[in-house]
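Have the coordinates open as you read.

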Amino acid sequence: MSGRSRRDFLKIAVAGAAGTALAPSLGRAADKSVTLLHESSFIKTFDEYMQKTLAPAYEKETGVKVVYELTSVGSLPTRISTITETGSGADVTMIFLLYPFLFADKLMDVSDIAEDIGKKQGGWYDAAKEAGIVNGQWKSIPHSNIGQLMNWRTDWFKEVGVTKFPDTWEELYEVGKKLKAKDHPFGFELGHGFGDNHGWIYPLLWSYGGREVEPDGKTVVIDSDETARAVDFARKFFKDTMLDDVLGWTDVSNNKAWFAEQISCTNNAESILWLAKRDFPDIAKVTDQAMNPQGPKGRFHLLNCIGHSVFNFSPQKQEAHDFLHWVMEEKQLGGWYASADTYYQPFLHAYDNAPMWDVEPRNKPYRDAMGSAHLPGWPAPPTRQLAEVVAKYVTVDMFAKACAGASTKEVIKNAEAQLKEIYRTA
Amino acid sequence: MVTGHTRLEQAVRVWLPVGFFLLLALFPFYWMAITSVKPNAELYNRNMMPLLVHNPTLKHYVGLLTETSFLLWTWNTLLVAVISTAISLVLGTMLAYPLARMRFAGAGLIAMTVAAIYLVPQPLLFLPLADVINRLDLGNTLTAVILTYPTMLVPFCAWLLIGYFKTVPKELEEAARIDGASRFQTMRRVFLPLCTPGFISAGIFAFTLSQNEFLYALIFLTKSSVRTVPVGVIAELIRGDVFYWGQLMAGALLGSIPVALIYSFFVEHYVAGLTSGSVKG
């Protein structure tokens with residue numbers, strides 16, 4: 001008897017639970033809606049502004065409901081791949097770096113929005129065009145740049161007599177040597193993270209005149225005197241100024257080391273200062289930010305563009321297009337930017353002197369850096385091959401192996417072989 | 001003296017290794033626990049002993065429970081894990097029984113295939129499964145994962161149960177058949193009750209796999225209200241290059257409680273079951 005009643009209980013429990021689980025799918029609403037897929041923002045108020053202000057306002061104005069679908073950091077490529085492969089899911093997506101080029105055939109031409117918005121809001125930065133235009137068509141509307149710049153400890157730099165951030169890589173190296181001797185080393189990521197490695201490696205390579213591939217997208221030119229000079233510099237920069245474990249760092253490591261007061265300089269987005277102001281006010285007081293140093297061939301920064309694209313197979317593509325156009329209008333966009341202070345740096349000149357830049361003047365270098373920002377792999381055109389080069393950390397590893405002890409000639413030959421293999425199909 | 005020597009010997013031969021393995025097993029939980037109650041200033045302070053907490057705080061737990069939908073994610077996780085485990089055990093039994101007990105051509109090949117299917121990696125399956133889920137209009141419902149988890153759990157349960165079923169003596173079934181029971185009655189009234197420990201171990205493993213599953217939950221569940229714990233905590237507690245360590249550890253610790261409870265609740269029954277049910281001579 002008791003065995004039977006247990007089984008009966010189990011049956012009822014399973015049936016009940018299944019009913020609960022199945023219920024939501026049966027009760028779906030059929031109202032008109034647009035789904036915007038976004039990666040969780042570092043700044044919570046940025047997501048909340050869309051959820052609580054923009055989405056309700058758009059629904060009130062047009063009757064179209066906006067579903068703001070958040071996905072975790074790092075999972076956006078998987079989500080976009082799933083949507084494009086299955087042909088269903090969100091209608092508008094956040095998109096970044098080389099993805100507009102990788103998924104171009106699945107994305108709607110939104111040139112009309114770009115032209116209208118550009119005309120009304122002071123024109124686009126060149127970097128926006130580099131990030132959004134694919135074969136003459138805007139496949140994404142650039143929203144903003146998440147710049148990667150120098151973060152430095154003013155109090156420790158002052159200890160070695162430096163009150164202004166060094167202007168060149170060589171000057172920074174000299175300061176770094178003194179700071180390491182005082183147990184305040186630098187910490188620049190050389191591991192396989194997603195941004196803080198490329199954030200300084202590509203600008204360093206470019207500032208010495210090195211490049212991976214020519215603008216023709218075919219000719220591999222990594223093996224050059226300029227690259228060799230950049231690699232040689234990186235080796236001594238690592239050896240004489242940094243912590244040894246940067247070779248295994250990912251993006252979270254330098255933030256952690258900063259708040260542990262382990263390092264005196266790193267390359268990062270605004271997140272270090274932002275979090276310091278919230279949780280570590282004493283560290284915030286002595287944290288400053290600066291543009292990357294310049295090398296013999298100039299000063300460069302990494303373009304870390306985020307934008308929005310409409311899937312061209314979406315059944316609601318016109319509604320999605322109209323929503324994107326509405327969001328990018330000054331009335332909406334200004335408030336959205338302001339909700340995140342300046343963590344997202346606008347690509348439109350109308351915001352160059354917006355009041356948000358005065359909230360934290362230490363963030364201004366992020367605005368000024370956009371004029372010299374380029375996508376990873378520049379000046380090669382963004383292609384599948386370039387995406388593979390970035391995904392395989394070819395250039396990061398070239399520098400990291402040199403820092404770990406390999407010869408300059410060896411690491412460059414190795415990188416060249418990998419690049420030629422990848423570009424064989426170009 | 002003799003007693004002292006025996007105690008020392010016992011301590012070296014038994015308690016020392018037990019203590020060592022206990023330390024290994026419990027250290028991650030200890031680390032999660034202390035990280036979850038440390039204020040951020042202490043968490044990042046290199047000058048403080050990392051294995052101790054100097055100024056404990058419940059701030060991270062309060063944040064986890066009030067600023068995120070953690071309790072809802074826990075409910076979703078349990079619901080999904082219980083139902084998909086139940087489905088997988090039923091289907092796994094139906095698959096394992098004939099393969100273990102009945103003789104027919106190709107049984108060995110099918111058993112091998114079951115094991116091979118379990119080894120197919122999820123990244124190969126998520127795109128076609130996403131297509132199926134979208135066609136059924138089940139995206140963003142718990143049903144999506146309740147239906148997809150058995151694709152990995154059924155082969156796993158079947159594979160585990162085949163092994164267990166083979167250890168039950170055939171004589172018991174033959175005796176029941178001689179007494180007039182049909183094959184189904186034999187299976188239901190004699191065979192399956194003897195396999196309770198097998199079901200418990202398969203169930204526990206299936207439950208744990210469902211509870212920890214990440215990829216399908218990430219792809220099929222994007223609304224915060226339908227997320228499971230593994231996806232929810234990562235989506236909301238890792239922002240950019242900043243990890244909310246305190247809340248992440250609080251979530252990991254709380255999320256591991258259901259499995260720990262289930263293990264401790266069934267362990268006695270499980271061990272007792274392993275040693276019973278055999279026939280003499």
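In chain A, six strands build an open sheet in the order β2-β1-β3-β11-β6-β12, with mixed pairing. At its edges stand β2 and β12 (345-346) of chain A, each with a single partner strand, so one side of each has no neighbour in the sheet. Strands here are DSSP runs of E with at least two residues, helices are runs of H or I with at least four residues, and both are numbered from the N terminus. Two strands count as paired if DSSP finds at least two bridges between them.

Before going further, please note that this is a predicted model, in which local features need pLDDT of at least 70 and side-chain atom pairs count only at pLDDT 80 or more, while totals for chains, interfaces and linings use all residues. Residues are numbered from 1 along each chain as its sequence is written, and chains are lettered from A and ligands numbered from 1 in the order in which they are written.

Back to the sheet: strand β1 (residues 33-39) of chain A runs parallel to β2(A), and seven bridges join the two. Within this pair, Val34(A) stands opposite Val66(A) of β2(A).

Chain A also holds an open sheet of three strands, in the order β8-β7-β9, and here the pairing is antiparallel. Its edge strands are β8 (265-268) and β9 (287-290) of chain A, each of which pairs on one side only. On average, neighbouring strands of this sheet are turned by 30° against each other, direction ignored. Angles run from 0 to 180 degrees between N-to-C directions, and axes are lines fitted to C-alpha atoms, for helices over the stretch in contact. Strand β7 (residues 149-153) of chain A pairs with β9(A) in the antiparallel sense over four bridges. Met150(A) has Ala290(A) in β9(A) as its bridge partner. Lying across β7, β8 and β9 of chain A is α12(A), which runs at about 160° to β9(A).

Two loops of chain A deserve a look at their backbone. In the loop between β13 (373-374) and α18 (384-391) of chain A you will find Pro379(A), and the peptide bond from Trp378(A) to Pro379(A) is cis, with omega near 5°. Asp183(A) sits in the loop between α8 (169-181) and α9 (198-207) of chain A; phi of Asp183(A) is near 65°, a positive value in a residue other than glycine.

Next come the domains, whose bounds come from an automatic or database domain assignment. The table sets out both chains.

| Chain | Domain 1 | Domain 2 | Distance between C-alpha centres |
|---|---|---|---|
| Chain A | 33-146 + 304-364 | 149-301 + 392-425 | 29 Å |
| Chain B | 2-43 | 59-274 | 31 Å |

How many residues of domain 1 of chain A are in contact with domain 2 of chain A? Eight residues of domain 1 of chain A are in contact with nine residues of domain 2 of chain A, where contact means that the C-beta atoms, placed from the backbone, lie within 7 Å. By class, the domain 1 side in chain A has three nonpolar, four polar and one charged residues. For these classes, Ala, Val, Leu, Ile, Met, Phe, Trp, Tyr, Cys and Pro count as nonpolar, Asp, Glu, Lys and Arg as charged, and the others, Gly among them, as polar.

In chain B, nine residues of domain 1 are in contact with nine residues of domain 2. The elements that give two or more residues to the domain 1 side are α1 (2-36) and α2 (40-43) of chain B. The largest share, five residues, comes from α1(B).

Also in chain B, the axes of helix α5 (residues 107-118) and helix α8 (residues 150-165) come within 8 Å and cross at roughly 135°. That makes α5(B) oblique to α8(B); angles under 35 degrees count as roughly parallel, over 145 as roughly antiparallel, 65 to 115 as roughly perpendicular and the rest as oblique. Residues of α5(B) in this contact include Ala111(B) and Tyr118(B), and those of α8(B) include Phe156(B) and Trp159(B). By class, the contact of α5(B) with α8(B) has 11 nonpolar, no polar and no charged residues.

Finally, the two chains meet: 35 residues of chain A are in contact with 35 residues of chain B. The largest share of the chain A side, eight residues, comes from α1(A). By class, the side of chain A that touches chain B has 15 nonpolar, 14 polar and six charged residues.
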